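Biologist: I'd like to go through this one piece by piece. Let's begin with the open spaces and then turn to helices and sheets.

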Amino acid sequence: MWEPDLEALDREPLERLVLERMRATLARLGAEPAWARRLGGARPEALRRLEDWRRLPFLTKEELRDAYPFGLACGRAQGYRRLHMSSGTTGNPILNPYTPGDVAQWGEVMARCYVAAGVGKDDVVQITPSFGLFTGGFGFHYGAERLGAMVIPIGGGRTSLQLRLMRDLKATVLAAIATYPLRLLEVAREEGFDLRTLSLRVGILGSEMWSDELRARIERELSIRAHDIIGMTETGGPGLGIDCAARAGIHVWEDHYHPEIVDPATGAAVPDGTEGELVVSTLTREGLPLVRYRTHDLPRVVSRARCDCGRTALRLDRLRGRTDDMVIFKGVNFYPRQVETVLLRHAGVSHEYQIVLDSEGGGERMTIHVETEPGCDPAVAAGIRRALHDLLALSPEVRLCALGELERPPGKAVRVVDRRAAR
């Protein structure tokens with residue numbers, strides 16, 4: 001562990017620490033007029049137990065956009081040293097200014113994530129997310145430097161160079177968005193690059209939904225152990241949590257972030273083990289504090305008991321989807337990750353696919369375009385169609401494509417193309 005005194009804190013003292021930090025957060029926000037108005041004058045002394053936090057109003061993405069650029073920012077006294085911005089394509093961006101304390105906090109939680117993934121000072125970390133307004137690259141960089149590990153800060157793209165440096169500099173850790181290893185595999189195949197020459201042993205991957213089946217394929221092809229890291233621009237970037245070697249859920253660092261799981265429709269708390277929307281409050285961020293921020297992510301609490309790794313932070317299940325990623329087709333609700341799970345269970349099927357929704361003659365049509373390996377049995381299309389019908393009551397057309405036929409966007413993979421509204 002990076003900070004065993006905090007990471008292995010028994011639940012009772014951990015919850016006391018969380019309550020203290022909740023009160024400190026309210027005290028600080030009470031001095032900010034914009035926050036005081038939206039919190040209705042809530043006072044720290046009114047918090048007697050953790051459940052009292054639920055009486056505070058939710059914070060939404062729309063409110064953060066409306067507050068652009070600094071309407072809900074609180075770190076002017078400390079001074080801002082950095083800002084990052086959401087990659088959203090509609091409305092105002094969400095701007096997150098960082099104080100010196102925020103930069104230090106980011107390095108701390110990222111160091112915890114690295115150690116939970118088995119990374120130490122003797123490792124060589126290749127950072128493939130971009131360095132810019134997107135939060136990924138810098139977070140991985142700060143955490144690795146805090147550990148004392150060697151950093152290869154190559155950033156996004158240039159996959160041929162990525163592979164060469166990975167081999168020549170003997171990188172042992174790959175930091176990436178979840179689908180970037182797929183691009184590494186493609187370029188290695190196209191260029192005849194021998195993946196056996198790599199020294200990789202750990203992958204820390206996030207920023208996208210990715211299935212257990214995709215994780216297994218990445219691990220097998222790259223001979224690594226892949227860990228799922230979570231976080232978002234609003235919370236300060238990656239570092240909110242990660243799964244450890246026990247692979248029994250994603251630890252959320254509760255002394256820094258307070259997670260709740262609520263019913264997406266009613267906002268009411270749901271019991272542990274029940275899937276719902278993740279709501280996050282930041283307890284130690286200064287520049288842009290969050291109080292009950294609705295993330296739209298859909299996990300469930302796996303356990304609050306001590307993990308086999310010794311950590312006591314609660315564990316969330318891997319994210320299945322987002323409330324705003326749900327696809328509705330002919331009255332059936334599903335998530336792209338569920339389709340991915342079905343596809344990757346079929347031999348000869350690639351990890352690259354796209355779900356295309358069209359309007360046709362007053363109705364709707366779904367076509368799943370999926371790349372296949374050379375020599376793949378064409379009958380696999382009928383098998384996929386049957387499996388999707390059995391699991392999700394869907395009967396799409398399945399179109400098999402040659403490797404490389406689907407467009408590769410420069411950032412996150414585009415899994416759903418919905419043309420229905422355009423017609």
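Biologist: Which element gives the most to the lining of the second largest pocket?

Modeller: This is a predicted model, where local features need pLDDT of at least 70, side-chain atom pairs count only at pLDDT 80 or more, and totals for chains, interfaces and linings use all residues. About 600 Å³ of space lies in that pocket (on a 1 Å grid over the protein atoms alone, a 1.4 Å probe fits but cannot get out of a cavity, while a pocket is open with protein on both sides within 12 Å along at least five of seven lines; lining residues have an atom within 4 Å of a point). H8 and S17 each give two or more residues to the lining (helices are DSSP runs of H or I, at least four residues, and strands of E, at least two, numbered from the N terminus). With four residues, the one that gives the most is H8.

Biologist: How many charged residues does the lining of the second largest pocket have?

Modeller: Residues are numbered from 1 along each chain as its sequence is written, and side-chain values use heavy atoms, leaving out hydrogens and water. Of the 28 lining residues, Ile-177, Pro-409, Pro-410, Gly-411 and Lys-412 are the closest to the pocket's centre. The lining has 11 nonpolar and 10 polar residues (Ala, Val, Leu, Ile, Met, Phe, Trp, Tyr, Cys and Pro are nonpolar, Asp, Glu, Lys and Arg charged, the others, Gly among them, polar). The charged ones number seven.

Biologist: How many polar residues are in the lining of the largest cavity?

Modeller: The structure holds two cavities of 30 Å³ or more, and about 60 Å³ of space lies in the largest. Its lining includes Leu-64, Tyr-68, Pro-69, Phe-70, Gly-71 and Leu-288. There are 10 nonpolar residues, no charged ones, and the polar count is one.

Biologist: Which residue does a cis peptide bond join to Tyr-68?

Modeller: Both partners are among the residues that line the largest cavity. Omega of the bond is about 0°, and the residue joined to Tyr-68 is Pro-69.

Biologist: How much space lies in the second largest cavity?

Modeller: Its lining includes Leu-6, Glu-7, Arg-112, Trp-253 and Asp-255. By class, that lining has four nonpolar, one polar and four charged residues. The space inside is about 50 Å³.

Biologist: Now the helices: are H5 and H6 roughly parallel or roughly perpendicular?

Modeller: H5 (residues 100-116) and H6 (residues 136-147) pack at about 75°, with their axes 7 Å apart (angles run from 0 to 180 degrees between N-to-C directions of lines fitted to C-alpha atoms, for helices over the stretch in contact). The contact (heavy atoms within 4.5 Å) includes Trp-106 and Tyr-114 of H5 and Phe-138 and Tyr-142 of H6. Its residues divide into 12 nonpolar, three polar and two charged. The angle therefore makes H5 and H6 roughly perpendicular.

Biologist: At what angle do H7 and H8 pack?

Modeller: Helix H7 (residues 159-168) and helix H8 (residues 180-191) have axes 9 Å apart. Among the residues in contact are Leu-163 and Met-166 of H7, and Leu-184 and Val-187 of H8. The contact divides into six nonpolar, three polar and two charged residues. The packing angle is about 90°.

Biologist: Which residue in S20 is the bridge partner of Ile-355?

Modeller: S20 belongs to an open sheet of four strands, in the order S19-S18-S17-S20 with mixed pairing (strands pair if DSSP finds at least two bridges between them). Strands S19 (397-402) and S20 (416-418) are the edges, each pairing on one side only. S17 (residues 349-360) and S20 are parallel, with three bridges. In S20, the partner of Ile-355 is Val-416.

Biologist: Which residue in S12 does Val-279 stand opposite?

Modeller: S10-S11-S12 is the order of an open sheet of three strands, with antiparallel pairing. S10 (257-262) and S12 (293-294) each have a single partner strand, so one side of each is left without a neighbour in the sheet. Two bridges join S11 (residues 277-282) to S12. Opposite Val-279 stands Arg-294.

How values were computed: Points joined across faces, edges and corners; volume = space filled by probe spheres on them. Parallel < 35°, antiparallel > 145°, perpendicular 65-115°, else oblique.
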